[in-house]
Structures are given as structure tokens and as C-alpha cells.
Amino acid sequence: MQLPEGKFWGYRRPDGRVGVRNHVLILPTIVCAAKTAQKVTELVRGTVSFYHQHGCAQIGADWQQTVRTYVGMAAHPNVSGVVIMGLGCEGVQARWVADLVAKEVPWKPIELVLIQEHGGTLQTIADTARAAAKLVQHASLEQRELCDVSELILATECGGSDACSGLSANPAVGYCSDLLIDAGGTVILAETTELIGAEHLLAERAVSERVRKRVYEVIDRYEKSVLRMGVDIRGAQPAPGNIEGGITTIEEKSLGCIYKAGTKPLQDIIEYAERPRTKGLVWMDTPGHDIEQITGMVAGGAQVVVFTSGRGTPTGSPIAPTIKIATNTPMFERMNDNMDLNAGGVIDGTETVEEVGRRLFEEVRLVASGKLTKAEILGQDDFGLWRIGPSL
């Protein structure tokens, strides 16, 4: 596909945002409805859903964050229409979520289904399938149009690192991030735990004293939450896969991870699943857990995810295409079923960081225009909520 410079083919939404996919989402607000929602996706082509274990016995900020995540997924520009499914007695009421989504995107077709009011699982599946089929027909009439890359929000993710991550794939993502920001787009940096030890480098790039102070506040808040569990992660060993890959401490991983942020100024810091308030480089406070951080960035509006890995992973998202980038050639060849792009040429000496970064930028444009990633082809619809409170 030949694309005009700085453009991609996307779905223009009435609120001005642009989608790169045109899904109909079956969104379960409670674990009790998750299996029923998945049954509908097996019946109706063009629908997506996700399994989770949340939506009840949550309080305070934890409850609010879960609601914000649900609303962000349903209101996402990659979603043409949504069926919000609840049980009927859960803590995160499907009716409330539907009302919030309708306020945020009043143009979007929304259906509400409650299992208890529909007479149980079998009738709910039948009724939801009929409603979903109509939404899919509506979505099928929508057409892509030429859009500017400045309308993209790119989520950046670093999974299972190795000794090559900070030398090849992460710097290449950083170069791609710079290209998108120079073109007027937005890049989300996440993984607060994997910025510990490198936070001073971000603080130096803050656009204001408020943002600079916020860098240290977010790191301090996260470390204190870990200390309450009786653990100090500074100077500690990272995950077993990272150790096997050649990473010795969390600080060492952080210094490699931060390369994904490129070189541009840090404009703002936002909460989990919150939509960016500005263009440019934005940091979202998320955990280091791959699925939870992708979910947060996508719920915040990211249309495309770029995911570096030194170990290999099949991870994807139910609504946002996820581009997997290998840090080394042997792993890319071994896990070719899952990896989309190889940055190992930087290590092999056959490519520069800039060449891989530009190749990734072009891949982002192609994927935004409809090219399927391997995670999409394999049906990787991973979803994980970051819980910040106890279950009652």
C-alpha cells in the first residue's frame, strides 16, 4: 500500500477523533457476564470482547478507575458501536457505564443488556447477538478516509527485556516516537515501575516546574505503595525472564526502557486510563505488567500499540492493533509467528537505530490504515485492569 507522506487511512468519528479499526465491542462490566459476552463474539463476526475478573466488590478510587477504563474502551475511536453487558446486581452497574459512554460519545450506537433481566444466559446470548448484528451492519457501511498522522496516539510498551532492548528496539521506538511528535502526534510512555532509577532523566525534559515535580511525586507514590507490601524494589532483581536475558537490576531495565520516549519534552503526566490533554510526549502512570499497562493506554485513547520484546510474546489488545518488535534476530526468527518487526539488525550491524525507527514509523502508518498485526490474526484479545484497592 502506497500512502501519501504523513497520512494514513482511518475512520473519522463525529467527535473529530480517528479510529484505525471499526470494531463492535461487547463489553462485560462484571466477571459474571464475561463468558456470556465471549459467546456472542463466537456467533457474530465483526464483534470483539475481553475476559476479566472485575466489576464488583470494589470501592473508592479503585472503583472509579475501573469505570474509567470501561468507558475509555467503549468510547474509543477504534470502536464503531458497543453492547454493554452486565449481570444486574454488580457494583459497577452496566447502566451507569452506558450513561457515561453516551455522554462522552453521544453519536455512538450503544445497546444495554442485563442477564438477570433477559432471563438468563441463553436468552441473553440470543438477544445480544441480534443487537450486535445490527451494529456490525451499521459499522460495515463506514468508510476509511485519508487522515493526518498528527491524529494518532501511539502507546509504547516494553515487555520481557534482554541485553539488546536498550540498544536496538527501544531506541528505535524512541526514534519513531520523535517522528510522530514532530508530525504533530501524541506518544504515551507508561510502566512507572520501569522508570524507577531513570526518573531524573524525564524530569530534566519536563516542560514546566509543575510537570517536573509531578515526575518525582508519581515515582514516590508508586514506591511507597510497594513498600507497604514490605518490598523495596530499588536495586532489586527484575523478573526471571529479564535476568535470563541479561538485565541485572530494575534501574538497568529502566535506563533501557526510557529510550522509548525518544528525545522530545515531557508535556504532561496523566492517570491510568485517562485521555491525554495535550499533544506530544505524555507519561501515563501504570504498573509494569504488560497487559495492564496496554489496557490503560488503550482506554486512554491510543489507537496503535508498539511493543518491544527481548524474550518474545504473543500479547495483543481486543481493540487496538499491537505491533511486536524483536530486539534481536535469533528471537525474531524463533518466534516469527508472533513478532511483526525485527530490530536485531542494529545488533547485527546491518541497520542503524534510525533506519529501524523509520521502518517502524512506516509500519505504524500501514497498520493504522488496516494492515493486520500478528496478534490480531491470532486473536490475542488480552485485557487486564490495574487494581489499586482491596476487594471487599
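Two strands count as paired if DSSP finds at least two bridges between them. Helices (H or I, at least four residues) and strands (E, at least two) are DSSP runs, numbered from the N terminus. The model is predicted: local features need pLDDT of at least 70, side-chain atom pairs count only at pLDDT 80 or more, and totals for chains, interfaces and linings use all residues. Residues are numbered from 1 along each chain as its sequence is written, and side-chain values use heavy atoms, with hydrogens and water left out.

Select strand β3, residues 23-28, together with β4; the two run parallel and are joined by two bridges. Within this pairing, L25 sits opposite V48 of β4.

**Stop two: strand β8**

Next select residues 153-159. Is this strand enclosed or open to the outside? Strand β8 is largely enclosed by the rest of the structure, because seven of its seven residues are buried. Buried means under 20% relative accessible area, exposed over 50%, and partly exposed in between (1.4 Å probe, protein chains only). Both faces are covered: I153, A155, E157 and G159 are buried on one side, and L154, T156 and C158 on the other.

Show the neighbours of β8. Strand β9 (residues 186-189) runs parallel to β8 and is joined to it by three bridges. I153 faces T186 of β9. To get from β8 to β9, the chain passes through helix α5 (residues 169-182), and this β-α-β crossover is right-handed. That term applies if, with the strands pointing away from the viewer, the path from the first strand over the helix to the second runs clockwise. Strand β12 (residues 304-309) is also parallel to β8, with six bridges between them. Here G159 has S309 as its bridge partner.

**Stop three: aromatic pairs**

Rings of Phe, Tyr and Trp (its six-membered ring) pair if their centres lie within 6.5 Å; planes under 30 degrees apart count as stacked, over 60 as edge-to-face and the rest as tilted. The count by this rule is four aromatic pairs.

Select W63 and W96. Their ring centres are 6.1 Å apart and their planes stand at 65 degrees, so this pair is edge-to-face. W63 belongs to helix α2 (residues 60-74) and W96 to helix α3 (residues 94-104), so the pair ties together parts 33 residues apart in sequence. W63 is partly exposed at 25% relative accessibility, and W96 is partly exposed at 46%.

Move to Y272 and W386, an edge-to-face pair with 5.5 Å from centre to centre and 65 degrees between the planes. Y272 is in the loop between β10 (266-270) and β11 (280-284), and W386 is in the segment after α14 (374-377), so this pair ties together parts 114 residues apart in sequence. Y272 is buried at 0% relative accessibility, and W386 is buried at 15%.

**Last stop: the start of the chain**

Select M1, in the segment before β1 (7-12). M1 counts as exposed, with 62% relative accessibility.
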